[in-house]
Structure formats: C-alpha cells, structure tokens
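This report covers backbone geometry and local surroundings at a few positions. The sequence and the structure come next.

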Amino acid sequence: MRYLLSILCIGICFSFLKNSFFNERYNRYKTFPEERKVTTQEISLQTDFRYPYRIAIKENMAILMDLHPNEYFYHVYSYPDWQPIATFGKRGEGPKEVLSADGIRFYSSDSIYTLDANRMIITRWTLSPEAKAVSRAEDIPLNKSLIRSLDFYRTDKNFLIPNYSGECRYHKVSHDGQSIQNIGKIPTEEHKENRDVALAQAWRTFTDYNPKNDIYVLVTQLGEVIEVHNLKTEKQFVIYGPGGEPAFKKVLGEGIPTGIKGFMDVQVTDQAIYAIFDGLSWEERKKYQVQGKRPPEGGHFLYQFDLAGNPIRKYTIDKNIYGLEIDEKKNQVIATCLESDSPIVTFQL
Amino acid sequence: MKKKSLKGSIVLVCLTGVYLYLQDKPTIQLNEIVLQNIEALAQGEGDPGNFYCTGTGDIDCIGYKVYEKITGFSLKP
C-alpha cells in the first residue's frame, strides 16, 4: 500500500511540475512593471527612402540605411540638424557595388562598417565630411563556414556574428573574417533534437553590444526571446516573453515563420537594453490583406529591460518603427519609420 | 477512523493527479496529428511542400528581404 501511494504521489507531482520544470527551462516575463504611451514627432529629410530600416548615430553624424533602395543603401547626415552629407553603398552586382544591406556599425568617421550577407563581406568605409564623400577602405570576406551572416558587431578583439547553421548561437570571428570560436546554443525548449539551418533561420536575431559593460544582446525576429550574454563574467540570461520561442515549420530544409513577428531592433546602453517589439501574428496580418489594408510594418512597442533581461518599462508608440538609436544625453529615441511621411521619428523616454 | 479517511483522501487526490496526467498526454498527441493532417490537406497528399518569398520586407528568404516566407501552395497542376 505504501509503495502504491509513493508511486501515486510521484505521479501527481510529475503531473503538476512537468510543464514548469521539464518544458519551461528558461525564465518568463508576462508584463512590465510600468507602462507609458509616447507620441512621436517627424523629422523631414530631403531624401526619398523606400524602406528606412536602420539608423546609426555617432557624435555629430547620422547614417540611415534603406533596405530596398533604388540606388544607394546608406545615407549620411549631420546630426542633429539632419543636413545631407553623402550617400554610399551603391546597389548593384558590380565588383564595388552592394548586393544586400544587412547591418551598419558606426564607430568613427574612418570606421563605418557594413555587412553584405549576399556577398558575405564586411566592408569598412571612411567618411570625409568636408569633401562630402565616403570611400571604401577595406573589404573583409567572411569565412564560408559561417554560411550566411545576417548581423554583426565589431569589438576591439573580433566580430560577434550570430550563427546560421544551428550548431551554436554565435561566433567570434577574427578581424580578417575567420571564425575563431563558436559559443552557446540556440535556447530552444521545443526543438532541442533538431539544431539545423531551419531552426537557426527561425531564431534569426538582431544584436547589439556595449563595450563599456561587455553586454551582448540577441533578440529574436520571430517570437519573443531575449538573450543577454555578459562577455566579461560569461554569465548568460535567457528570458522568454509571452510570445514564446519563434514558431516555424520546416519545408525543404527552410524555416517558415508561423507564429508572431517579434523584435525589430535592439540597443544596449550603459544602464539598460531597449528593443522594438511588434507581436502581430502572420494570421492577423492576413486579415489586414483580406480587408485590402496594408498590415503594420515595424513595432508598436519599445521594451526596456535591465542588463539581466528583466522587464522595466513598456512604451506604446503612436507609430510603428523599425530601427532605433537612443540618445542618452537627450533621453530621446530616434527611429526609422515606414508609415509616416518622414523616414525618421523621435520621441522622449 | 480519521486515519483511514485521511489515507482515503490522499489516495483520491493521487488518483485524480495520475488521471489528469494520463488525460493530458493523448490530447497533445491528438492535436499534433490533427495539425499534421490539416497541413497535409493544405499541401496535397504526398507533396513534400514548397515555400515562396513574397513582397518587400525584412524577412530573409534565399538572399532576398521579403514581406513573408510562406508555404501551403503547390505549383503542381
């Protein structure tokens, strides 16, 4: 009888714990302690953008990236008065032209780095504001073992590049493009046995790194997962939001999105992590199309987390935005926007 | 008497727990089967499936940035 009771007790315990313990390995957040609504202001520019996607600001210069341009991917402006200075990264298939724009990192006027995933090249450009010109300084071909790199960050020691094969989470890549270290695993709870390209595609991330606090953050384009890597202490935090892990199905080896579109961009400041979040499902988008409406493009929310990935504040924005840059001195967000007349909007935090 | 009813209650709770656990599992399996069948119907029996890149957006799809990467249609006549 006692033996039977023990088995039954184990059964009941297993029943209650199996979801929280066996399936849900990572921490969750459901809500934010504080919520605010913010109103954007448009900044008019003299340039026509087809798909203003990313923004990078350094001191008195700003660069905007057009994801689907007619001619040039990158546009340089003075900041904060937004006067056009130069364009670079001509779209095309020629030897000095750019096939795709997958990221921009702006360190100084002689260190502007861009990523072309279709060519698998990181390019360093130099900017001469006086001459109003940007010139190609260095091409860094990425090793073929990386397959396809969709985001990057250049540290003093190496490049940090998310993995595309599913075998690890990200790579440390030497400044000449060679993979030198594979780090971590995709923090999936549902597909632990199939770590392949389809999984890595579904877990495609946007990343940022802050050299001051050694925090490297990855946020998922699908679903709602934030990964915080402290590169100094090697501590890692993985936090799932209500959107859960990226949902997909595998067809012909490819990951096909099925759930929600999640994060759009991320920035790590000295004190916090800011990420733009969408949250709309593909099913909800279809409803817009059925009604003859254009589905929202970009995220309606800005999430603020602490440096361990814990939620601090949720901002609801009156427009959908894509790329962000935080001006900490002004406590202001500058963001790219597809749905307003201007490619740039700002709002106060 | 009290001891007996306490034991009885524990057994009842445990049996309920085990019942709930056993009930839970087949439901998940059934949902998965139903979903697979729906997908199979959408794609056509025996069709390994195909996928398409449509529109302009930021979803990476075989070298293009598209609005969506979809499946569920077959080009077979």
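How many C-beta neighbours does Trp82(A) have inside 10 Å, and does it count as buried, partly exposed or exposed?

The model is predicted. Trp82(A) has 17 C-beta neighbours inside 10 Å, so it counts as partly exposed, since 20 or more would be needed for a buried residue and 12 or fewer for an exposed one. Trp82(A) lies in the loop between β6 and β7 of chain A. Its phi is positive, near 55°, and the residue is not a glycine.

Pro80(A) belongs to the loop between β6 (72-78) and β7 (84-90) of chain A. The peptide bond leading from Tyr79(A) to Pro80(A) is cis, and its omega is near 15°. Most peptide bonds are trans, and most residues other than glycine have a negative phi.

## Met120(A)

A positive phi is also found at Met120(A), about 55°, although this residue is not a glycine. Met120(A) sits in the loop between β9 (111-116) and β10 (121-128) of chain A. Within 10 Å there are 18 other C-beta atoms, so Met120(A) is partly exposed.

## Arg285(A)

Helix α3 of chain A, residues 282-290, contains Arg285(A). This residue has 19 C-beta neighbours inside 10 Å and therefore counts as partly exposed; the cut-off for buried is 20 or more.

Leaving aside residues up to four places away in sequence, Arg285(A) touches Leu280(A) and Pro295(A). The C-alpha atoms of Arg285(A) and Pro296(A) are 7.9 Å apart, with the two residues eleven places apart along the chain.

Definitions and conventions. Residues numbered from 1 in each chain as written. Chains lettered and ligands numbered in written order. Predicted model: local features only at pLDDT ≥ 70, side-chain atom pairs only at ≥ 80, totals over all residues. Helix = DSSP H or I, 4+ residues; strand = E, 2+ residues; numbered from the N terminus. Contact = placed C-beta atoms within 7 Å.
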